[in-house]
Amino acid sequence: MTDLTTHEASRKRLLIALALTCTFMLIQVVAAHYANSLAVLADAGHLFVHNSSLFIALIASSVAVKLAKNFNEGYKKAEYTGGLLNGILYLSIAIIILLEATQRIELHSQGHVHEVNTFVMATVSGVGFLFHGLAAWVLYKGRKDSINVYAVFLHSFFDLLSTISTFIAGILIHLTGWNIIDVLSSMLISCFVLFTGLKVIKTCIVGLLDKGTSLPAVERVEQAIIETEHVESVHNITVSNTDSTLMVGAHIVLKHHCTVEMHDDACRYQVEARLKQLFSVQKCVLQIESHNCPHH
């Protein structure tokens with residue numbers, strides 16, 4: 001089980017990454033206008049959806065801190081619903097950019113060549129490399145602590161590659177004068193966004209339709225633990241189902257005489273046996289605390 005301190009650290013990392021990527025997204029939108037670059041605009045659209053994903057990840061992390069015991073089916077459904085909305089955004093932006101790219105290709109075939117400011121295009125891509133690199137570094141340090149942080153780290157890494165692609169396109173246009181490279185680059189980015197969106201939507205729909213295993217209510221688990229002999233109180237209860245394994249985590253405060261007599265192992269065994277008998281719990285992560293624990 002991930003403790004509250006880890007969740008707080010993960011939330012800070014997500015917040016820093018969100019601030020960095022939102023700042024660069026605004027820079028990209030302005031630069032796309034002045035550079036007349038569809039590739040930069042496509043990257044900005046991709047980053048917009050990435051920021052919405054990051055915002056949802058930040059909300060999920062905040063909820064985990066606020067309601068640490070609610071890692072249950074409802075929490076997962078809410079997460080899948082947010083992911084589905086993000087997937088739809090991915091598809092919408094990808095389709096809009098692809099349609100615009102198709103129109104520019106038609107105009108190009110008719111001799112209407114749009115001018116691209118390659119200096120602005122390459123410069124904003126170079127700045128983006130710094131922004132995404134810093135965001136990826138912040139997330140990389142916490143990737144093992146949270147699945148949210150790990151997922152966003154991977155996305156930031158791909159954003160890093162996207163800025164490199166746009167930078168190379170700007171250099172090639174400057175050297176060759178082939179402005180069509182800008183359109184082709186935007187289509188390449190959009191295809192990646194489209195593929196990612198379809199994958200996200202598929203995963204979320206499967207998750208929403210999966211009824212999964214019914215988890216016991218946290219209140220019932222709490223009552224069962226309290227009714228166990230030698231237990232004074234319990235807090236920070238978590239109930240989850242990972243890889244078809246029903247898991248319970250809790251901080252258990254023993255009665256005073258048990259603390260004095262150091263019955264930790266015996267009490268832990270009693271709680272584990274009771275949870276297995278009542279709810280078929282397969283794995284327990286129990287932290288035994290003394291009677292004078294500062295939480296109480």
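Begin by selecting Val 221, Ile 225, Val 239, Ile 252 and Leu 275: among the 22 residues of the largest nonpolar core, these touch the most other members. The elements that contribute two or more residues to this core are helix 7, strand 1, strand 2 (245–254), helix 9 and strand 3 (283–289). Colour strand 2 separately, for it gives the most to the core, with five residues. The model on the screen is a predicted one.

**The whole chain**

Now show the whole chain as a cartoon. The protein chain holds nine helices and three strands. Followed from the N terminus, its elements run α-α-α-α-α-α-α-β-β-α-α-β. The chain has 296 residues, of which 44% are buried.

**Helix 7**

Next, select residues 218–226, which form helix 7; its buried residues are Val 218, Val 221, Ala 224 and Ile 225. An α-helix has 3.6 residues a turn, so residues three or four places apart point the same way. Turn to the other side of helix 7, where Glu 219 and Arg 220 are exposed.

**Two salt bridges**

The model contains two salt bridges. Side chains of opposite charge can pair when their charged atoms come close.

For one of the bridges, display Glu 227 and Arg 274, whose closest N and O atoms are 3.0 Å apart. This pair links distant parts of the chain, 47 residues apart: Glu 227 belongs to the loop between helix 7 and strand 1 (231–242), while Arg 274 belongs to helix 9 (residues 264–279). Glu 227 is partly exposed, with a relative accessible area of 48%. Arg 274 is also partly exposed, at 26%.

Then display Arg 268 and Asp 265, whose side chains form a salt bridge with an N to O distance of 3.3 Å. Which part of the chain holds Arg 268 and Asp 265? Both are in helix 9, three residues apart, and are therefore separated by about one helical turn. Arg 268 has 24% relative accessibility and counts as partly exposed, whereas Asp 265 has 59% and counts as exposed.

**The nonpolar surface patch**

Select Phe 129, Leu 130, Phe 157, Phe 158, Leu 161, Ile 164, Phe 167, Ile 168, Ile 171, Leu 172, Leu 175 and Phe 192, which make a nonpolar surface patch of about 1100 Å². Which helices each supply at least two residues of the patch? They are helix 4 (118–140) and helix 5 (147–176). Helix 5 gives the most, with nine residues. Centre the view on Phe 157, which lies in helix 5. Is Phe 157 buried, partly exposed or exposed? Its relative accessible area is 40%, and Phe 157 is therefore partly exposed.

**Spans from the UniProt record**

Finally, colour the residues that the unreviewed UniProt entry lists under "transmembrane region": 47–68, 80–99, 119–140, 152–174 and 180–201. Within this set, zoom in on residues 119–140, a span that is 100% helix and 0% strand, with its end C-alpha atoms 31 Å apart. Then go to residues 180–201, where the chain is again 100% helix and 0% strand and the end C-alpha atoms lie 31 Å apart.

Key
Residues are numbered from 1 along each chain as its sequence is written. This is a predicted model: local features need pLDDT of at least 70, side-chain atom pairs count only at pLDDT 80 or more; totals for chains, interfaces and linings use all residues. Side-chain values use heavy atoms; hydrogens and water are left out. Patches are made of residues with over 30% relative accessible area and no salt bridge: like charges are joined within 9 Å, nonpolar side chains (Val, Leu, Ile, Met, Phe, Trp, Tyr) within 5 Å. Accessible areas come from the Shrake-Rupley method with a 1.4 Å probe; for residues, only the protein chains shown count as cover. A salt bridge is a side-chain nitrogen of Lys or Arg within 4 Å of a carboxyl oxygen of Asp or Glu. Helices (H or I, at least four residues) and strands (E, at least two) are DSSP runs, numbered from the N terminus. Buried means under 20% relative accessible area, exposed over 50%, partly exposed in between (1.4 Å probe, protein chains only). UniProt positions are given in the numbering used here, feature names are shortened, and annotations may be inferred rather than shown by experiment. A nonpolar core is a set of buried Ala, Val, Leu, Ile, Met, Phe, Trp, Tyr and Cys residues joined through side-chain atoms within 4.5 Å.
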